[in-house]
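Dear colleague,

Please find below the sequence and the structure that I am handing over to you. My findings follow directly after them.

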Amino acid sequence: MTPGPDFDELMSDADPAERERLRRVHDMLVVAGPPPELPPQIEAGPTLAMTIGGRGARRHVQRRVALLAAAIVVLLLAFLVGYITGNDNKVAGQVLKLQGTAVAPNAQASLRVEDVDPAGNWPMELAAVGLPKLPPKSYYEVFLVRNGKPWAPCGSFVVKNAKVGVSVRLNAPYRLRPSDSWIVTRRQWGESDAGPVVLRPLT
Amino acid sequence: MELALDTPARLRAVPKTAPSPAPSVDATDADLLVRVAERDRVAFEALYHRYVRSVYGIALRKLRDRQRAEDAVQETFAAVWRSAASYRPERGPAAPWLYAVARNAIVDRLRARSEPPMEAPDLASSEPGPAEHAEASFVAWRVHRALEELPPKEREVVELAYWSGMSQSEVADYLHIPVGTVKTRTRSGLARLSDLLEGELA
């Protein structure tokens, strides 16, 4: 197919000079081909970035956008930290009352969670009475309970005299959640399971 | 500030200075460039609309990639804004100056392309060579720019007659006008294009 209209037919009644003049334009139109369809964002008009210095400015704009994005990230992180810290504060200062199970029916305890230290450790203090003295190679273990299951150990202790009671310093090197709880179990050296629960939270 | 490439801020949305009078439709490209050199955003926008199709057209021809062509348009007009003061009307019309700016922006884009070099063909290609391509690009540049100046009715007929594949009678049917009117408008459009191409755009 020859692009364009039939030039001779189009110019059938034109004088030679006019014919020649328009022939050149006709040929140019054929060579040029159709103009492109513009994407909407190009057709809309020049952008501000074009008038603030071109490529350098574009980089400048990109840098500002990157800074803005970084600021947003920092704000989000701050919010997140605040949220976590807020929840942490719900944990800190918490005193959990524990009562003995059938394994140690006369036992009672309280577990106080202190403020988290800068390294992320949660010091705790457990005060317990009524826990029996255990046979050799046995000990008590404090477990962090998450989602209803013993999740991680927070320290172990032994009891010398059930009547006197015991107060021990423990630590939870974990990020605590408001829903976390604790139990105390009785364990034996060399056993992998948590052992029977001797103290559980007072419901 | 351009926050998103999809929705860049438009000049009209953020006038930094009092708006200058809109350039007359008779203002030449050179007039507009001189005003752009004086940081006239209205003139810049007018110049943009006159040339954006031509710039995008040659960018597409050379780069064969819409996104890169769009980037080249951005770079071209940023360079026009930046360098307008270097244009000297006494040295010649604005169209070739603008073409050179666009070509440089496109060449920059081409250089930035990281494609593996092609192996040399065994036989000489019958495709047009670089010189022919350059010639055709400049012709397209001038023609597409000149088309912007045609009255809409003439432009419509010329575009349909040359690039739609329709015959003159089909164009007439399509536009619901007599075939004689199609011929008249086509010839009138060609004559006006000839004047434009032999005048400032030459």
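**Salt bridges and the interface**

Asp13(A) is exposed, its relative accessible area being 62%. I begin with this residue of the predicted model on account of its partner in the other chain: Asp13(A) forms a salt bridge with Arg187(B), and the closest N and O atoms are 2.4 Å apart. Arg187(B) belongs to helix H8 (residues 179-198) of chain B, while Asp13(A) sits in the loop between H1 and H2 of chain A, so the pair joins two chains. Arg187(B) itself is partly exposed, with a relative accessible area of 23%.

A further link between the chains is the salt bridge of Lys183(B) with Glu9(A), at 3.6 Å from N to O. In total, the rule finds five salt bridges across the interface of chain A and chain B. The corresponding search for polar contacts gives 13 residue pairs across this interface, with both residues at pLDDT 80 or more.

How much area is buried between the two chains? The value is about 4,900 Å², and carbon and sulfur atoms give 63% of it. The contact draws 49 residues from chain A and 58 residues from chain B.

Regarding polar contacts, the rule's 13 residue pairs across the interface may be read together with the make-up of the chain A side. Four elements of chain A give two or more residues to the side that touches chain B: helix H1 (7-10), helix H2 (16-32), helix H3 (40-43) and helix H4 (54-91). The most comes from H2(A), which gives eleven residues. By residue class, the side of chain A that touches chain B divides into 29 nonpolar, nine polar and eleven charged residues.

Over all chains, a search of the whole structure finds 27 salt bridges. Two pairs within chain A may be of interest to you.

In one pair, the side chains of Glu125(A) and Arg112(A) meet at 3.3 Å, N to O.

Arg187(A) is in strand S7 (residues 181-188) of chain A and Glu141(A) in strand S4 (residues 138-146) of chain A, so the pair ties together parts that are 46 residues apart in sequence. Are these two residues buried or exposed? Arg187(A) is buried, with a relative accessible area of 12%, and Glu141(A) counts as buried at 7% relative accessibility.

**Chain B as a whole**

Chain B has eight helices and zero strands, and from the N terminus on its elements run α-α-α-α-α-α-α-α. Of its 202 residues, 45% count as buried. The accessible surface of chain B comes to about 10,800 Å², with 54% belonging to carbon and sulfur atoms. Among contacts in chain B between residues at least 6 apart in sequence, 63% join residues at least 24 apart.

With kind regards

Conventions. Residues numbered from 1 in each chain as written. Chains lettered and ligands numbered in written order. Predicted model: local features only at pLDDT ≥ 70, side-chain atom pairs only at ≥ 80, totals over all residues. Heavy atoms only, no water. Contact = heavy atoms within 4.5 Å. Buried area = accessible area lost by both parts, 1.4 Å probe. Salt bridge = Lys/Arg side-chain N within 4 Å of Asp/Glu carboxyl O. Polar contact = N/O pair within 3.5 Å; in protein donor to acceptor, adjacent residues only side chain to side chain. Nonpolar A, V, L, I, M, F, W, Y, C, P; charged D, E, K, R; others polar. Buried < 20%, exposed > 50% of the residue type's maximum accessible area, 1.4 Å probe, protein only. Areas by Shrake-Rupley, 256 points an atom, 1.4 Å probe, with all protein chains shown as cover.
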